[in-house]
Amino acid sequence: MAELVFFRRREELMRVSVDKGARIVIGRSSACDVVVPDPDVAPTQCAIESDDLGRFWIINLANGLCDNCAPHRETIPLDDGREIHLGDWRAVFHLHIEDAPSRGACPRSDETRLFMPSPRGRARRLSSRRRMDGQELPLFWDRLVVRAPKHRERVRSERVMPCPDRLVIGSAKGCDLVLDDPFASACHALLERRGEARWLRDLNSSNGTFVGAARILESELPLGVTARIGQSELVLMPAEQGEGEQGFEGIIGSSPAMRELFSVIERVASSDATALIVGESGTGKELVARALHARSARASGPFVPVNCGALSESLIESELFGHEKGAFTGADKARRGAFEEAGGGTLFLDEIGELPMALQAKLLRALELREIKRVGASLPLRVELRVIGATNRDLRAEVSAGRFREDLYWRLAAIPIRLPPLRSRGEEDLRALVRHFLKSFTCSVRLSAGAEARLLAHSWPGNVRELKNCLNRTVLLRRTDFVQADDIAFDEAFGEARESESAPPKEAGDTVARRATVGALCIDIAGKTFAQIEEEVFFRTCEQLDFRVAAVARALGQSRGTIYRRMERLGLGPGREPDID
């Protein structure tokens, strides 16, 4: 395998591997594979290409490319040791990685050089994994805790983010990690992984980079040690601790599909382009939208969610764009719509596939021109915000069926984000979600091996929402704090609906009472509140155990005094009818 080693100011910062058959574009544009932020470098300066036989060429896409190479030559064989001049930058090509100089060494001492990763965080890799010491390494190694500086409210905000193997940190919008810190330089520091350690390097910042109390030019950053950049603080934590119960902006998960989702959120959060979140019902589309808002420069602005499917066709235009006084019956005063409410922030349009065709044209104009017109108004209003849409429908199929405008679809799908269903996220994500929900419901419930196996074997057509409801029902109807497999009751509504389609119609007044089976208990829960269900579970447990206070207390995990007082209050005992509704 070959590689390019980039230098500047006698220091090396990064090496880019070049696989056989690959093509890497180098230039100043953020669309390049490797971005060189130098004014003397063309937007697309050159490209590195190779064939399956291991031969490499450099294609000159501008003037002034390599030593001893005429500018007018378009394709030049790339030999081992060839140096590529890129303004103040220099890249050295090595045909075999083992022949490359040791890290930090400069091949020629009379020139200044340094590699600088993409200032926009867009230096794309040829794969989501890279090799080091012959082993495949994941895209994210650790989690980075970022504590923003205190502002007027005197509160230091904190967030946890996945940390890739290289991270440019600064106040410029193009950095991988953008700090809202007036004391941070545009490109302040670089955090990169070397072997098993993390190293933090100062990039000639104005106010310096500190690890602990010491100002550093370059230093290893151990786990748990605070680094300071301007007034912001950074702390590295292991992935299992950094993720914790909060996850990534409240999204629980560490599977490859979720790590890729988190990476996409990090890359597109700083953009103002319209994003379309697509996923099955219950996958957490609003959580993703809130994460995009929280990681953007608009985080201090409002986040306004609107469920397009929950509003009537006659009201949705007023909800989105607002109305003037007297625009229609009942409009006794002017009202701002969601577009105006979200000014300076983010507008989240959930279930956007439910919009009527007449309103889709107005939404398209609002997205393209950033202008809206209130109902009953004569002049348009300028709005400044980001719009994020979400749907569980296949909008392409809706376009083909004539129920959704094609031009609006392409305007919404500028940045498509697809959410994986729960069944494809793996067992570890499911276990993490179960722990998270059980902890939010109660701290004392534990699952047996059989109960966990039953949860893992379920397909979860309702995704995370179904899992939460199932666990909530299990916690409510459990017999003890140690949940067994038969304590878990899944919602069979989908199966019942399919059976009812082929079943003969029922007579008027004939109702089917839905039952929840918990262990040996079969309880009618149709039309009952949680309190009524809990009282009935308590009575059935007492009845099964012959109203023995000690046995009931052990079964329900409560004290005998509590059970005795509750039995007295309900009038329970051998031969007595329960005093419950």
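Trainee: What should I know before I start?
Mentor: The model is predicted, so local features need pLDDT of at least 70 and side-chain atom pairs count only at pLDDT 80 or more, while totals for chains, interfaces and linings use all residues. Residues are numbered from 1 along each chain as its sequence is written, and side-chain values use heavy atoms, with hydrogens and water left out.

Trainee: Which order do the strands take in the open sheet of 5 strands?
Mentor: The order is β15-β14-β16-β17-β20, with mixed pairing. Strands here are DSSP runs of E, at least two residues, numbered from the N terminus. Two strands pair if DSSP finds at least two bridges between them.

Trainee: And which are the edge strands?
Mentor: β15 (177-178) and β20 (218-220). Each pairs on one side only.

Trainee: How many bridges link β14 and β15?
Mentor: 2 bridges, in the parallel sense. G170 stands opposite V178 in β15.

Trainee: Do β14 and β16 run parallel or antiparallel?
Mentor: Antiparallel, with 4 bridges. L167 has L191 of β16 as its bridge partner.

Trainee: What about β16 and β17?
Mentor: Those pair in the antiparallel sense over 6 bridges. L190 stands opposite R201 in β17. The hairpin has 2 residues between the strands, and G195 takes a positive phi near 65°.

Trainee: Why call β16 largely enclosed?
Mentor: Because 6 of the 6 residues in 189-194 are buried. Buried means under 20% relative accessible area, with a 1.4 Å probe and protein chains only.

Trainee: Which residues sit on each side of β16?
Mentor: A189, L191 and R193 on one side, L190, E192 and R194 on the other. In a regular strand the side chains alternate between the two faces of the sheet.

Trainee: Switching to β25. Where are its neighbours?
Mentor: β24 (residues 303-307) pairs with β25 in the parallel sense over 5 bridges. V304 has L347 as its bridge partner. β28 (residues 386-391) also pairs with β25 in the parallel sense, over 4 bridges. There, T346 is partnered with R386.

Trainee: How many residues of β25 are buried?
Mentor: 5 of the 5, so β25 is largely enclosed by the rest of the structure. T346, F348 and D350 cover one side, L347 and L349 the other.

Trainee: Last one: what span should helix α11 have?
Mentor: At 1.5 Å a residue, its 15 residues should span 21 Å, and the end C-alpha atoms are 21 Å apart, which agrees. The expected span is 1.5 Å times one less than the number of residues. Helices are DSSP runs of H or I, at least four residues.

Trainee: Which α11 residues are buried?
Mentor: Among them are V464, L467, C470, L471, T474 and V475.

Note on methods: Buried < 20%, exposed > 50% of the residue type's maximum accessible area, 1.4 Å probe, protein only.
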